[in-house]
Amino acid sequence: MTNNGVDAVAGGLGEVRVPYATEAAACGPEHVVEPVAYDAILLAGFGGPEGQDDVIPFLRNVTRGRGIPDERLEEVAHHYRHFGGVSPINDQNRALKAALEDELARRDIALPVIWGNRNWDPYMADAVTEAADRGFSKLIAVATSAYSSFSSCRQYREDFARTLDETGLGDRIQIDKVRQFFDHPGFVAPFEEGVRDALTDLLGRGIAREQIRVMFSTHSIPTDDAVRSGPRDRDFGEGGAYAAQHLAVAGFVMEQVGEPDVPWSLVYQSRSGPPTQPWLEPDINDAIEEAAGEGAKAVVIVPLGFVSDHMEVLWDLDTEAMETAEEHGMVALRTPTPGVDPAYVTGLVDLVLERVNGTPVAERPSVTELGPWFDVCRPGCCENVRAGFKPAAAGIAP
């Protein structure tokens, strides 16, 4: 990758300035190789309800600006109602925060971790206000999402900018963000181990390799959003950078597992749009049904798009997909998400240190040819088709 995009913008519009960024990132290099003395880590989460009374207010937050009435929100609330109105995601982020703090302490790195959510308490505004109250001015953000798309990257960056503007802290707080870590070995290693263990289990039961399907599952998104994922000056093929990143990581995992005779595919889940709007396919349930029709006897479900076992994993995979497999007489195993796996936690700290130390690109680990991904998002990256571009931190406008 080169800095040609930045040079072109700078040449045509004057000096590029990335809003709310540290000086090292403010002129928009693809990779920041200047050390930065950050004050704290901002752990940025999605958030989730923690009781039945929280469910509708939480869903209002998630769908803010779309004008969806509570009656329709209640129709989609049954996943949370099924689990007592409690999403596991907040507890998982509490555990991740503690694990990061332990790893930082073990390595004698004096960086506190401040946690803020996009959609529920503790909110992002709480986090940046805490940072300001503690005298911090330079934050390095770690979002709990590994891939490139509006909802998994740019929306976090827009929330950083919106929060700094609404709190009036934009002149006191700077926020950079670690690169998307879909192909960092610390994130990928738990999936390798999970697939290897699942295949060993199924083969040990006497199920033939050609009768097993490995399905790497991720959250479906509208196809219009998918094709706009990633920078605008690169062609990632159908599905944009979002699909390309998942396919690259899934292929790597299968190469490492070393079972070339076991078929695998990328599938999608958790669709929530109207039937008239195209979303990425195939749905995992349709894929399981098709595999059964081909004579498959077992499926390994790999939640490749998720960093922890939150609601989409518990409901869409552990409930619905498992029921589909059972209905078709198939054995189904679901592999773990990274959660607080030591390799994952260590990898997240390593990503922070890339920016603290200004690590050269050649020394940054990645397991696919797509990486290491950008430190500073490129112009027009991951546009929201419905709402267009809004101000966003950690990237070049728009």
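Visitor: How many nonpolar, polar and charged residues are in the lining of the second largest pocket?

Guide: This is a predicted model, and in it that lining has seven charged, four polar and four nonpolar residues.

Visitor: Which residues lie nearest its centre?

Guide: Arg64, Phe150, Gln155, Asn384 and Lys390, out of 15 lining residues. The volume of the second largest pocket is about 380 Å³.

Visitor: Which helices supply the lining there?

Guide: Helix H2 (55-62) and helix H7 (150-167) each give at least two residues. H7 has the largest share, with five residues.

Visitor: What lines the largest cavity?

Guide: Its lining consists of Arg157, Lys177, Val178, Arg179, Gln180, Trp373, Phe374, Asp375, Cys377 and Ala394. By class that is five nonpolar, four charged and one polar.

Visitor: And which residues line the second largest cavity?

Guide: Phe181, His184, Gly186, Phe187, Tyr344, Gly347, Leu348 and Leu351. Helix H8 (185-204) and helix H13 (342-357) are the elements that give two or more residues to that lining. H13 gives the most, four residues.

Visitor: OK, helices. At what angle do the axes of H8 and H13 cross?

Guide: They cross at roughly 170°, and the axes come within 7 Å. The angle is over 145 degrees, so H8 counts as roughly antiparallel to H13.

Visitor: Which residues meet?

Guide: On the H8 side they are Gly186, Phe187 and Ala189, and on the H13 side Ala343, Tyr344 and Gly347. That contact has four nonpolar and two polar residues, with no charged ones.

Visitor: Where does H5 come in? At what angle does it cross H13?

Guide: Helix H5 (residues 89-106) and H13 cross at roughly 65°, with axes that come within 10 Å. Angles of 65 to 115 degrees count as roughly perpendicular, so that is the description for H5 and H13.

Visitor: Is that crossing left-handed or right-handed?

Guide: The crossing of H5 and H13 is right-handed. H5 makes the contact through Leu96, Ala99, Leu100, Glu103 and Leu104, and H13 through Tyr344, Val345, Thr346, Leu348 and Val349. By class, eight of the contact residues are nonpolar, one is polar and one is charged.

Visitor: Back to H8. How does it pack with H10?

Guide: H8 and helix H10 (residues 240-257) have axes 9 Å apart and an angle of about 50°. The two helices are therefore oblique to each other.

Visitor: Which way does H8 pass H10, left-handed or right-handed?

Guide: Right-handed. From H8 the contact uses Val188, Phe191, Glu192, Val195, Arg196 and Leu199, and from H10 it uses Val249, Phe252, Val253, Met254, Gln256 and Val257.

Visitor: How do those divide by class?

Guide: The contact of H8 with H10 has nine nonpolar residues, two charged and one polar.

Terms used:
Residues numbered from 1 in each chain as written. Predicted model: local features only at pLDDT ≥ 70, side-chain atom pairs only at ≥ 80, totals over all residues. Heavy atoms only, no water. 1 Å grid on protein atoms, 1.4 Å probe; cavity = no way out; pocket = protein on both sides within 12 Å on 5 of 7 lines; lining within 4 Å. Nonpolar A, V, L, I, M, F, W, Y, C, P; charged D, E, K, R; others polar. Axes fitted to C-alpha atoms, helices over the stretch in contact; angles between N-to-C directions. Parallel < 35°, antiparallel > 145°, perpendicular 65-115°, else oblique. Left-handed = near helix turned anticlockwise from the far one by under 90°. Contact = heavy atoms within 4.5 Å. Points joined across faces, edges and corners; volume = space filled by probe spheres on them.
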